[in-house]
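Look over the sequence and the structure below. Then follow the walk-through one stop at a time.

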Amino acid sequence: MLRLVISSVRAHVRRLLSTSLAVCLGVALLAGTMLLGDTLRANFDSLFQSALGSSDAVVRSSNTLTTDGEFAQDLIDGSLATELSEIDGVAVVAPQIEGFGQLTGSDGEKLGGEGPPTFAGNWIDDPELNPYELVEGRAPVTNDEVVINRGAADDGDLAVGDRTIVATPEPVEVEIVGIATFGGEDGLGPTTFTAFSLAGAEEHVTGQPGGVTALLVKADDGVSQEAVVSRVADVMPNGVEVISGDDLVDEANDEINADFVGFLRIFLTVFAAVALLVATFSINNTFSIIAAQRQRSSALLRAIGADRRQVFWSLAGESIVVGVVASAAGLGLGFALAQGLKALFDAFGFALPAGGLTVSTTTLVIAPLVGILITMLASLAPAVRASRVAPLAALRDVAVDRSASSRWRLVAGSVMLAGGVVAVVTGASSGALGRAGLGALLTAAGIVAIGPVAARPAGSVIGAPIARSRGVPGVLARRNAMRSPRRTAATASALMIGIGVVTVFTAFAGSLKSSVDDNVSAVIDGDLMIAASQFGGGGLSPGIVDAIDALPEVDHAVGVGTGPVSIDGRTRQVTVLDPVASTGLVVPDVVDGSAVAELGDEQVAVSEPIADDNGWKVGTELDVRFTDGSTEQLEVAAVYEPSTTIQDLVVPTVMWERHAVQSIDTIVVIGAADGVDIETARSAVESATTTFAPPDVLTTEEYVADATANINQILGLVYVMLLLAIVIALMGIANTLSLSIYERVRELALLRAVGADRAQVRSMIRWESVVIAVFGTIGGVALGLFLGWGLVTARGAGSFPIEFAVPVSQVVIIGVVGAIAGIVAAVRPARRAAKLDIIDALAASA
Amino acid sequence: MGAMTSTSTLLAPPRPAVARALAATKVYGTGDQAVRALEDLTVEIPGGRFTAIMGPSGSGKSTLMHCLAGLDTLTSGQVFIGDTELGALSDRELTALRRERVGFVFQSFNLMPTLTAWENITLPFALAGHKIDTEWLDLVIGTVGLGDRLRHRPSELSGGQQQRVAIARALATRPDLVFADEPTGNLDSTTGAEVLEFLRAAVRDMGQTVVMVTHDPVAAGYADAVVFLADGRTVGAMEQPTPGRVLDALKTIGS
């Protein structure tokens, strides 16, 4: 039997190769994802080890509020250091101040800030506790001297002795006195670091003399981290906690893994899943056709004494060979992919310290195993079908692929589809995302199941214009596509699932984009805006608003900041603004209570869904805990419609400043004075704020374009995914066509004999392919839009409202690309069919 | 001079040489493996007659038919249909020639399974994009007796009915000549006899020219003349053959 399998693989090598490619790509993505994930995790681990691991214990405030990506921690009293250093077993205590500060390069351009954080803090004198190491110059002494990391120095063309500006976010003029490396590298990844003296950091970074972010403790030799931690913990006052160095590293690792690495992994895993899903359909289809084609030889095997198991294994064995070979190739490709992605990171300045890929046994086992299992699973049904052939079939000339769609399949598919649609619709209307998600899976499964039932009428409708306009080749193409509905459906399924997934993403991104647009224009009424970059913790100095307000070209301006508070033990994001200044510039749509512009110092406004969820109304008194640990009782004065630009609550600036470590704005909204055109106002604002080195001054439209730019980036990635799905589905279509041509060789010869020219034969194959591709594309787009609608609607309002919007142009692009895929897939098979040797093909019929 | 512009009328008097092969040689393969299927063969197919080509397996009868029909090309020599020399034609021109001036009836698999009987019969018109010659088609369909089966697919027709559809398609364009390759090979003798009667009727009543390749002396008995082939050459001819005489002649060739 083994010999039979091998000879069969050899005979079908070409066809199996294109099937293998689908498996190979899927496995490559999976392996690449796992490799990159492990590598990033290992790299970050070693990074944090050198950044944080040098301390045996770290003393810090226990008042932390963490929300998505943002982190606010209160300061502690720096004088605790004296007490700490007297504890038995403590060798060194070093105060640490951490904050943000953006450097200006020698050309006046800001450094970094477009992603990786721009850190600022104090220079720690103890070399063992300081992860940075001076390579040039000296440590800072006076308040306006700084040490910067080598990467920042190189980027900004800055050298020891240069003077430049650091925005903390107040512009501080400093002199660079030293250049430092981080564990021998240019810096902590692509981040920048500006180190003041302790006094300098207190003055410029926190603005609170005596306060520090943390105290780093080094233990005496032979004293364990646990011992130091417990001894220190005994003497710490309330509101201060101590954590061991190892735990701190773990904490940082957990955070980055949950955040950045986690996102990357999820994203790449989705890619891999889509590829593998599409591959499953392709494999199933190929093996179904092989099984059907081999019906007579299977029957012959049975007739001469092979039992069912042997017939089953003759096909299943072939799938194992394909699975093993393709998965091995996929693993290899995965290594190349991970290496390539890593190089991409490096190219974007995200140089990771430890080189080389981290290869875990899990990757080496899981990735190929998934590939092999998927191949086997997909070929299971065809192999079982092949084994059930009656021995007598060898003697009869049976149709190769009768492919009647069974009633059972229709019933099961309809039930799944109906159940799925109901779950999606009810999930959408009641905001139950989980139910909608489950419904989405059911709907997709149902559609795949009833595909063969739909294929005949769909092929008929899609093919009708082709049959009408393309003459006989069109008529034949249409009927060929309708001829074996199961095969057509299976071939189209691969494309349908791929395009469906992509459409869901597109619909989601499109909805997000139009929602951001709607939200910004609904809430922001200003003429111009200045927005801090969304990442990196940088911000805008409140001084910017003051400078702008003084301009005659400007009517007034308002600074808007964000930050976390805690209410009833839950962290909430708040928008911080001066209510009076916000008049006519930032106007949340109030549904109950007074306008936001009329908020009193002891009042807050709350977004509607948050208020509803908690039963808060106008007049409700809330206990709001700030980052400094103190609590204020504030009254709800207004409830507003949720918006992407305004957070869960609005808190007046006066209240916020009382409790905040660093008061910074994230956006400044500016209203031009009456009669001043926007460009005049813009240049006035620009020249008034040059000392702050702020980001560009934008109009509201430009701001929206900026805010939605990341969505476009994600869409770009989605299109890469589309391409991938299409390439795999394309191979599936080409495969099916080749097999159909092989089966219909006598028809082709007959057509040629009675006078069809080569172009007509090519046309027939091409249009059949287009019918299949369009069937899959339409199905995929319809499925994707429906599921996109369901998921977006179910995700619903919340604090970040998204309303479903059909991204028309993208959907059209997807549709056109799908149809073109059909034409492309047909190129090779059609050429082969047209070159057919009529005499040989006729001889095959004798 | 396509089928549609053909000047031939019903019951036109026999015209000499509708198709000719002159010093036709066909060699498959090269060197030691070379097989000489046709060897300096010259033959004329007279118009308005039913000619059978006979010979043992490997005698070159199928190759001759393929070359005469423009399905295959000669190694050397010439083939003419009317005044057209096939060797000078491109693939596109050969295709057009087959579509308009030649009809085919094969042993089996004569019909496109996805097309109805009517669509199969009119396929050459559809491929050429020409208008259907309704009057002629009515005559053809009436002769082969298919009136009520035209909307059926081949799978819904019996073997004999399928061959009748094939004959109707072969005659539909009023071709210069119809090639039939073992047209009764897959049929029982009664149905086979019917099919042969139709071919003979096409010649006798409709003035068509039919060339049939067969190894069945009974089938050859329906023809007006038989040409015998052996080893790629013509080795004899017979007018007004009967199955018995044909069998005798074949025995002579075999020895």
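**A helix and its surroundings**

Helix α5(A) is followed by Gly207(A), whose phi is positive, near 70°. Helices here are DSSP runs of H or I with at least four residues, strands are runs of E with at least two, and both are numbered from the N terminus. This is a predicted model: local features need pLDDT of at least 70, side-chain atom pairs count only at pLDDT 80 or more, and totals for chains, interfaces and linings use all residues. Residues are numbered from 1 along each chain as its sequence is written, while chains are lettered from A and ligands numbered from 1 in the order in which they are written.

Stay with α5(A), residues 198-206 of chain A. Is this helix enclosed or open? Seven of its nine residues are buried, so α5(A) is largely enclosed by the rest of the structure. A residue is buried if 20 or more other C-beta atoms lie within 10 Å of its own, exposed if 12 or fewer, and partly exposed in between, with C-beta atoms placed from the backbone. Leu198(A), His204(A) and Val205(A) are among the buried ones. The cover over them includes strands β5 (90-96), β12 (171-182) and β13 (192-196) of chain A.

Now step back to the whole of chain A. Its secondary structure comes to 25 helices and 26 strands. Of its 846 residues, 52% count as buried.

Next, where does chain A meet chain B? 22 residues of chain A are in contact with 24 residues of chain B. Contact means that the C-beta atoms of two residues, placed from the backbone, lie within 7 Å. On chain A's side, α13 (471-483), α22 (745-753), α23 (758-795) and α25 (838-845) each give two or more residues. α13(A) gives the most, with six.

Which way do α6 (residues 159-172) and α7 (residues 189-206) of chain B pack? Their angle is about 15° and their axes are 9 Å apart. Axes are lines fitted to C-alpha atoms, for helices over the stretch in contact, and angles run from 0 to 180 degrees between N-to-C directions. α6(B) is therefore roughly parallel to α7(B), a term for angles under 35 degrees. Ile167(B) and Leu171(B) of α6(B) and Phe198(B) and Leu199(B) of α7(B) are among the residues that make the contact.

Last stop: Gly236(B), in strand β10 (residues 233-239) of chain B. With 15 C-beta neighbours inside 10 Å, Gly236(B) counts as partly exposed.

Conventions. Parallel < 35°, antiparallel > 145°, perpendicular 65-115°, else oblique.
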